[in-house]
Amino acid sequence: MCEVGTRPPPAAERGEPPGGAAAPAERCRDMGEQPIFTTRAHVFQIDPSTKKNWVPASKQAVTVSYFYDSTRNSYRIISVDGAKVIINSTITPNMTFTKTSQKFGQWADSRANTVFGLGFPSEQQLTKFAEKFQEVKEAAKLARDRSQEKIETSSNHSQESGRETPSSTRASSVNGTDDEKASHGGPAETHLKSENDKLKIALAQSSSNVKKWETELQTLRESNARLTTALQESAASIEHWKKQFSACKEENDQLRIKIEELEEQCNEINKEKERNAQLSRRLQELETELQDKELELEELRKQGEIIPQLMSECESVSQQLQDAENKNKDLEEKVRTLRTEVEESKHRQTNLKTELKNFLDVLDGKIDELHDFRQGLSKLGVDN
């Protein structure tokens, strides 16, 4: 199995030219670990101090791959940024990949004591990665179940072998007794021989299993030796990674300060944009008002063009009004004269009425006298 995160051997031992370095993925393939799925994403790790904030593990999108180790039947997610390993996570059946947004997902690795996060360029790539995670998780679970069945089967064979060996000894002893008593053979001897043959077959199978176990034990010893060597190399490179971690932490602090400065600049830019927007709205309002004033000015200009005509008409009307006033004065004078004449006429009429009344009174007296005269004449006529 490829041990990512350990110090690589010298170039001369790897068979590379001086100054060259094989990629970690190439070293994995050379040692039996093959990539089965590859994508690109931005890698993050949870902040170990707060357990809340995400810390970028790569400055840009990097390659993230699923690897399968055929010798150990295990799966890992590996990502390398240049010469730096930023993800080395062995997938177990207990792991869960969670989509936290349309383009971001995460999973927890208890062995590495951290939480990894991946930011993808599209939702489709995130979905493919999550589906592959579930597929690999099920394959790891199946491999674990098979491994447990194999261990249980080996344990059962070992127990059966332990029980069969004493039986073989007893069978051999019984068989020797039967050989000494060949003259007393019979059905019991035949039965004992058949049992002895069965025990011999079981012993042969047990010996075959012991050889298999010895082979597996040797394989485990070799794996243990490789792991021990890798552990020693890993311990030797811890100091190097600590220095890199310190440098990354300082760089992270500087980037955080720069981000804060950029955020302040962005806030100022946003305020300036808001002021510009307000000024733009005010400018539009002023332009609208200017257009209205221009329309009013145009109306006034049109009205100004007819002012001379109106003034001429006004002078004419004034002259007519003066003439009318003069005529009115003449008429008023005539009215006064007529009123005087009317008064005089009324006075004369009153005098006439008085004279007419006097005349009527006289006339009535004359009529009465004539009436009396007529009656006298009438009497005279009767008398005659």
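**Close-up views of a predicted model**

**View 1. The largest nonpolar core.** Of the 23 residues in this core, Val43, Ile77, Ile87, Trp107, Leu118 and Phe129 touch the most other members. Several elements give two or more residues to the core: strand 1 (33–46), strand 3 (62–69), strand 4 (74–81), strand 5 (84–90), strand 8 (114–119) and helix 3 (123–180). Helix 3 gives the most, with six residues. The model shown here and in the views below is predicted.

**View 2. Lys51 in a loop.** Lys51 is found in the loop between strand 1 and strand 2 (54–56). Its phi is positive, about 60°, although Lys51 is not a glycine. Most residues other than glycine have a negative phi. Lys51 counts as partly exposed because its relative accessibility is 46%, between the limits of 20% and 50%.

**View 3. Asn113 in a loop.** Asn113 has its place in the loop between strand 7 (104–109) and strand 8. Here too the residue is not a glycine, yet Asn113 has a positive phi of about 55°. Asn113 has a relative accessibility of 60%, so it counts as exposed; the cut-off for exposed is over 50%.

**View 4. A negative surface patch.** Glu260, Glu261, Glu263, Glu264 and Glu268 form this patch. One of these residues, Glu260, lies in helix 4 (residues 187–305). Is Glu260 partly exposed or buried? Glu260 counts as partly exposed because its relative accessibility is 43%.

Definitions and conventions:
Residues numbered from 1 in each chain as written. Predicted model: local features only at pLDDT ≥ 70, side-chain atom pairs only at ≥ 80, totals over all residues. Heavy atoms only, no water. Patch = residues over 30% accessible without salt bridge, like charges linked within 9 Å, V, L, I, M, F, W, Y side chains within 5 Å. Areas by Shrake-Rupley, 256 points an atom, 1.4 Å probe, with all protein chains shown as cover. Salt bridge = Lys/Arg side-chain N within 4 Å of Asp/Glu carboxyl O. Lys, Arg positive; Asp, Glu negative; His and termini not counted. Charge placed at Lys NZ, Arg CZ, Asp CG, Glu CD. Helix = DSSP H or I, 4+ residues; strand = E, 2+ residues; numbered from the N terminus. Buried < 20%, exposed > 50% of the residue type's maximum accessible area, 1.4 Å probe, protein only. Core = buried A, V, L, I, M, F, W, Y, C linked by side-chain atoms within 4.5 Å.
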